[in-house]
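Dear colleague,

Here is the structure for you to look over. My notes on it follow below the entry.

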Amino acid sequence: MYAVRPMLARVQSYVLTGIDANPCEVEIDANPAGMPAERVVGLPDAAVRESLERVRSAIGNSGYAFPIGRIVVNLAPADVRKEGPVYDLPMALGLLISTGSLHAGVGGIDLRDAIVAGEVALDGRLRPVRGALAAALMARERGVSNVILPEENAREAAVVSEVAVHSARTLAEIVGKITGDIPAEPTAPVDVGSLLEQTHAAVDFADIKGQEGVKRAATVAATGGHNFLMLGPAGTGKTMVAKALPGILPRMTVAEALEVTRIYSAAGLLVRGEAEGVGVITRRPVRSPHHTASVPAIVGGGAVPRPGEVTLAHHGVLFLDELPEFPRDVLETMRQPLEDGAVTIARSHSTVRFPAEVMLVAAMNPTPKGAMPTDEFGRREMDRYLSRLSGPLIDRIDIHVEAPAVPWKKLSESGDRGESTASLREKVLAAREIARARQGDTPNARLAGRRLDELAPIEPDAKELLGQAMRELGLSARAYDKIRRVARSIADLDGRETVGAAAIAEAVQYRLLDRRR
């Protein structure tokens, strides 16, 4: 029921909690016998409190009468904070129901079986809102048949094929679809699989001269989804490698695309960003925040928690250039997301968990001046600079590799350009298929506990070599597991079922900063 008596109406909407949608009932009590007054209750923020002013103008400019008397709008549950203009359209429809201007018609959309959301302009136009995909997923989970949204949100929600997504450009148009005066044709379902594309890379690996060791490390990192750090003097191609690396990652799966799209939708970046007109994120995200970014910008936060860069890079790449220049507190807050693949933000009124399964790619110079040290003073300066990175953070980065200066002879060569991105991508895809057949969709970088013991069996001579490295380098238990995971990826690239001594030796070589410490 959406109408109990002529002056009371109920319309179902949603409230975003992190990236998830939860039910929110919009109740409108319009009492013509009361003293003229308007009030919104249920923990609204400023944008929600202003909704009635926008709705008043939209209703009048759309040719309908705004109710007179005492108006109370309640957003239930009343103990959850509401924010944004998402409740404009539910309020407008509820007010029209309370005045008798809106009633269900034959062939129209059944408001009793619908989730409604949308911002209204003063002239009655509908503007997009955050979290439309989450609302459609919530409707499917709760058995609600219809979702009513602004037209710009339609394709985003239409990826949930089990729900009928109805959209409109104006308030009058959606009223006509509810009453049956306008045919209520739902948006055609979106086939996400047909939209997925290869992640675009700004640089081809063939354009990077020298740095064959770094390219090999990048290929290993892409194979297992490993965190990857490059250390070297300025101008040696570290940033170029980072820009080329997304091009050798496999396409996202449909499930990954939907999860990333849900994040961008909840953050308000989908309809304004790269997916405008498509309705879904089709490529793995690549995020490159500046080193002046704050803790909330990187890991998320705010009074009403919003996702940060580490979540916006979910199932993609987070590139941190000049890693030691980031504030120490920012780097330390990243330790938990890198380990757990998620960010948990606690507030006095709630706790929100954001997904954060990212591939961290970082680059740094050996000193603030950008050059490799040549004397004892320079080495002390490098030690001080490297000390900005804590041991626990370094432990969480699987691969550390040095990017040395490229000799003039190599730079001036015009012959062989080295392996291309397309060639390296084929190797990565072949290795990933081996891993997928063995362990499903879990990347090597996420193997843990018994699964790592079972799926990364180490040959006897390789185990002896690993034990020697642990003792001589003083590696932690976390670094021990990192080496085994990286060695598993190396073995996959080489087409080997077991992890041999060569794979272990190469994986140990990728613990550069452990050796320097």
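Ser62 is buried, because its relative accessible area is 19% and buried means under 20% (exposed is over 50%, partly exposed in between, with a 1.4 Å probe and protein chains only). Ser62 sits in the loop between helix 2 (51-61) and strand 5 (70-76); helices (H or I, at least four residues) and strands (E, at least two) are DSSP runs numbered from the N terminus. The side chain of Ser62 reaches the backbone oxygen of Ala58 at 2.7 Å. Setting aside neighbours within four places in sequence, Ser62 is in contact (heavy atoms within 4.5 Å) with Asp123, Gly124 and Leu171.

Two points on the source. This is a predicted model, in which local features need pLDDT of at least 70 and side-chain atom pairs count only at pLDDT 80 or more, while totals for chains, interfaces and linings use all residues. Residues are numbered from 1 along each chain as its sequence is written, and side-chain values use heavy atoms, with hydrogens and water left out.

On the whole protein: the secondary structure comes to 22 helices and 17 strands, and the C-alpha atoms fill a box of roughly 85 × 50 × 45 Å along the principal axes. Of the 517 residues, 53% are buried. Among contacts between residues at least 6 apart in sequence, 75% join residues at least 24 apart.

The largest pocket has a volume of about 670 Å³. A pocket here is an open set of points on a 1 Å grid over the protein atoms alone, where a 1.4 Å probe fits, with protein on both sides within 12 Å along at least five of seven lines; lining residues have an atom within 4 Å of a point. There are 34 lining residues, and the closest to the pocket's centre are Glu357, Arg432, Asp441, Pro443 and Arg446. Helix 17 (421-439) is one of the elements that give two or more residues to the lining, and its three residues are the largest share.

Regards

How values were computed. A polar contact is a pair of N or O atoms within 3.5 Å; within protein, one must be able to donate a hydrogen and the other to accept it, and residues adjacent in sequence count only if both atoms are side-chain atoms. Grid points are joined across faces, edges and corners, and a volume is the space filled by probe spheres set on the points.
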